[in-house]
Each structure stands twice: as structure tokens, then as C-alpha cells.
Amino acid sequence: MADRSTHAMFPDATHDEQVLQDFIKSLRIYASRNFHANNRALLKDRIEPQLRRKQGARAPSRKALREAFGREPTYRWYSAMLRTTQEMLYDTVGPSIERQLPDLIERSNALRGRLGSLQLNPDMPLPRYFEAIDYHCKPGSYQQELTADDVFPGAEFDRTYRLYSMGSYGPDLDGQGRQLIEWIQSRYPDLAPRKILDLGCTVGHSTLPYVDAFGPTTEVHAVDVSAPCLRYGHARAVAMGKAVHFSQQNAEQLNFPDGSFDLVVSHALLHETSHKAIRRIFKEAHRVLKPGGVMAHLDSISKDSHYDRFFSEWMAHFNNEPYLGSLQDEDFAAICKQAGFAASQCRFEPTVAQNYGGGAKTDAPVFAFMVIAARKTA
Amino acid sequence: MAKPASKKPASRKNATGPQRPRQRVAKGRRPLFMRDPDVDKLLAMIMAMTGEIALLRGRLDTHERLLAAGKPVTPETIESFLPDAASEAAREAQRQAMLTRVFRILAVAETQPQQPDISKLVDDAIKKSG
């Protein structure tokens, strides 16, 4: 039915596939709205008072919060519902992508190299943390390949991310990119980046707004470890008329020479890495930045709110994002310092939660993100 | 003769050859939340069934909107039907109302701890009305 695509690479859906996918979006809106409303009430009315009696004013650990919630029937029902919704998301979109995969691969191959570039490295080992888990409960995760020149996980992601974000990231799903660009432009008004690098770009949803944000002469590079996501992302960027240089690289060990970029960014990448990897990623960002260049990472981090900390712990365990929990406890100023940035040049700030969708269809929770940024000494 | 595609699901990089079936379930044992794991399974079935009802309802809605526009209802017109923003909003409102009805009992259960026992209310009511 209804081709609601924004670009020529976007996977198709039959009438019934589209109706079922629309249902998944409604279910996700319903499940997450009720999960959050009920668990927020539980935290305030039962769990915080309980924990205060037990351990005084001390901030509860993520584990203590998780265990206290686990005893509550309401929490259990809505947790089972939210987890099942995530499984249904892939079980609904996956078969639709699988049936049209030959056509998607043909379209991707036809668009290959027509704008920007794509460089794959089949010999590159995948990070251990990336191979260990099927992130977001996505069967086969982001690297599954079913055949040669595959784009399956990328094409599936373009559809599932649209449903998962419930419309709040806009039709091009670039809300996170736009949010970080606005923050960078407000904090570093003098920054006029000519070369930009996006780390862990997946299919480039957040990368593409950088192509036009800083003027027509900007050169945008994007790296990810997943070949099928990069193939799809490259074809998608060509289809959308955006020149991006995609390459298969690990953000912990980049192939770019020292001092290559004015701006290095990432969007919701850090929480998919690890305690060791984040330190290497910040070091590499510092190395590939030119003097005066800026590193800025957008991620779901909350230092203060018990509820946000509880929910990161929930997502770590039940949405298969293992590092999202302990990321909350990291000392980002120390990691920036170890990476070579001057302490006075580091920032740790919330962004403003925004809904980039517009219209009545985007009646969904929108979360604020945190930015970890640092400027390399000029 | 071409070799038939392997039935083994693929989860590997640098694949070659004929298309293999996609992996259907995420790695690792599924988390259970309910006291009885069978309740987790039942909930998943009810959610999937609700999706099937939404699918029927959506297909019916397409029929009605085609007919209202004076168009024939054929598999082709159904496939090429494009709902406008108003019909999408109406469908979304219907789906939210349906989910609220299907999962009504969870919202009821949430208000229970504050409520007095029903037998006590009944006894009191009988006593008061003599």
C-alpha cells in the first residue's frame, strides 16, 4: 500500500504489512506510556519510601532499584508488555524485509558509488561486545548477512527505528543528529567545521543532517562496524542526494591520520560499547581531531533522576543494551582528561527534549539526552 | 543443478551464496517477568492476537474508505490505497481505544490496593439499608 518512504531505498510494505507495522507503533506508544506512568507512580509512592526506610537518604543503586521494582506486579506486567512489544517489532518487520531482500540488494547495488563513497573492510574483526549480544533484541543484531552484498539489518532498521521512535525523530529519522547540531552550534558559535566524522553511524540517520548544517563545503565521513548497515546507509544517502563517505571502521581504532577532523560526533553510540571501549573511543577522537576541534557525543545519561537510572538499568537488561546501565556511573570528565583533553575544555550538559515529528501522530514520550563534549587545545 | 539454500539461519558476516533464512529469535534466554512463566507466554499470545484484530480492522477500514470514495474493492485497489492524515489519525485513535479495552484489567488492578474489600462494602450496604 501506502508508500510512506522518504527515499528510493526505503523498503516497501504490502497493505497488510503496513497495517501490522502501524499496530506495532500504536502498541509501543501504549506500552511505553503505561510502563512509564505506572512505574513513575510506583517509584514515588512505594519504592522511594521503602528504600529511604532501608538505607536512609543515600541514593539507591541501580541494582537496588531493579530489585525493588521486581517485587511489584504492575512493574512486571508492563515490563513483560514492553519487552514483548520489542520482540514483535522485529517479528513484524523482519519477514517483510526478507521477502523483498533481492530487490533491496539490487537497488543498493545500482546506487553504489554514485555520490559520496563506501569502503568496506571484510577482514576487520568485530568488537567482542558487539558480537556477544543481539542489541535491542534484534535477531541477528546489526551484522547479520543472509547473502552477498546484503543490506538486511540496515533495511530492517530503517523501518523498525521509525516505529521504535514513534514519530518523534521526524520523517528522515534525523532527530538525534539535529538535536546535537543545535547544541554544538549554540555552544561553539565560532566552530566552522570543514571535515566532520560521525562514529557508529549505523545507516546514517543522524549523519545526514551534518551534510548541510555547516555550509556547502563540509566533508562528512561516517564509520560503523557493520558492513550490511553501511551498504544500506550509503545507498540511502545516495538516494537522498547527500554526499557522505562511509567506511567500515571501529571507532576504537580508526584509520584516519592524526588531526583529520574539525568535529567528531556520535549519537547513542557510547551505551552500545563498553567500559574499556569508551576510553579508547575518546582517545581516538582526540587523536583524529585538529587542534581547536570539537568532540561531541549524544547519549541517554542521567546523573540525578532515580527514574532515569532505573530505566537505563531496565534497558540494559531487558532491551539488550548491556553498557547502558553502568554508563550512568562513568566519570566523563576523567575519561576526557585521560584521552588528552584539558579539564577546562570538557562539557557535560543535557540537551532540550524535542519532538521533531510534528503533528498529532507523534503523541509519544520524548527523552532528553546528555551531551559529553570536549574541545582539543588549539 | 544449483545447490538448495541451507536451512540454517545465518548470523555471520561476509555471507555469500543463495539467501539464507533470517535469524528469528534474539540470542540469549528470554527474560521472564511473571511469577508463572506461562503467563509471560500467554501475554505474548494475547498481544499478537490483538495485532491480528488490528489487521482485520485496518483491512475493513480500507474497504470502507474505498467504497465511500466510489472506488471498486479489489486486491489491487487495496494494495494501492493510501490513507490520508485524517484517516491515519482516526485509525490510531481506534487502535489506542482497542488497546485500552484489551488491557483494561491492568489499569483496574492498579487502583485495587487502595480499595476496601468488596464483601465489607456489601455487608455495610445491607446493614445501612436495613
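Modeller: Let us begin with chain B, which has five helices and zero strands, and bear in mind that this is a predicted model. Read along the sequence, its pattern is α-α-α-α-α, and buried residues make up 14% of the 130 residues in chain B.

Colleague: Why is Arg59(B) called partly exposed?

Modeller: Arg59(B) has 15 other C-beta atoms within 10 Å. Arg59(B) sits in helix α1 (residues 37-68) of chain B, and its C-alpha lies 8.1 Å from that of Ile78(B), 19 residues away in sequence.

Colleague: Which residues does Arg59(B) touch, leaving aside those up to four places away in sequence?

Modeller: Arg59(B) touches Asp16(A) and Val19(A). As for the two chains as a whole, 46 residues of chain A are in contact with 46 residues of chain B. On the chain A side, α1 (15-55) and α3 (73-99) each supply at least two residues, and α3(A) gives the most, with 11 residues. By class, that side of chain A has 23 nonpolar, 13 polar and 10 charged residues.

Colleague: What makes α1(A) and α6(A) oblique to each other?

Modeller: The axes of α1(A) and α6 (residues 152-164) of chain A cross at roughly 40° and come within 8 Å. Roughly parallel would require an angle under 35 degrees, and roughly perpendicular one of 65 to 115; the two helices are therefore oblique to each other. Gln21(A), Ile24(A), Lys25(A) and Arg28(A) of α1(A) make the contact with Arg159(A), Leu163(A) and Tyr164(A) of α6(A), and these residues divide into three nonpolar, one polar and three charged.

Colleague: Why are β1(A) and β7(A) said to stand at the edges of the sheet?

Modeller: The sheet is open and has eight strands in the order β1-β4-β3-β2-β5-β6-β8-β7 (chain A), with mixed pairing. β1 (117-119) and β7 (346-350) of chain A each have a single partner strand, so one side of each is left without a neighbour in the sheet. From one strand to the next, the twist averages 15°.

Colleague: How do you know that β1(A) and β4(A) are paired?

Modeller: Pairing needs at least two bridges between the strands, and three bridges join β1(A) to β4 (residues 245-248) of chain A, the two running parallel.

Colleague: What shows that the length of helix α11(A) is close to what is expected?

Modeller: Helix α11 (residues 306-318) of chain A has 13 residues and reaches 18 Å from its first C-alpha to its last, which is close to the 18 Å expected at 1.5 Å a residue. Several of its residues are buried, among them Phe310(A), Phe311(A) and Trp314(A), and what covers the buried residues includes α1, α2 (62-70) and α12 (323-327) of chain A. Just after α11(A), Asn320(A) takes a positive phi of about 55°.

Methods
Residues numbered from 1 in each chain as written. Chains lettered and ligands numbered in written order. Predicted model: local features only at pLDDT ≥ 70, side-chain atom pairs only at ≥ 80, totals over all residues. Contact = placed C-beta atoms within 7 Å. Helix = DSSP H or I, 4+ residues; strand = E, 2+ residues; numbered from the N terminus. Nonpolar A, V, L, I, M, F, W, Y, C, P; charged D, E, K, R; others polar. Buried ≥ 20, exposed ≤ 12 C-beta atoms within 10 Å, placed from the backbone. Axes fitted to C-alpha atoms, helices over the stretch in contact; angles between N-to-C directions. Expected span 1.5 Å × (residues − 1). Parallel < 35°, antiparallel > 145°, perpendicular 65-115°, else oblique.
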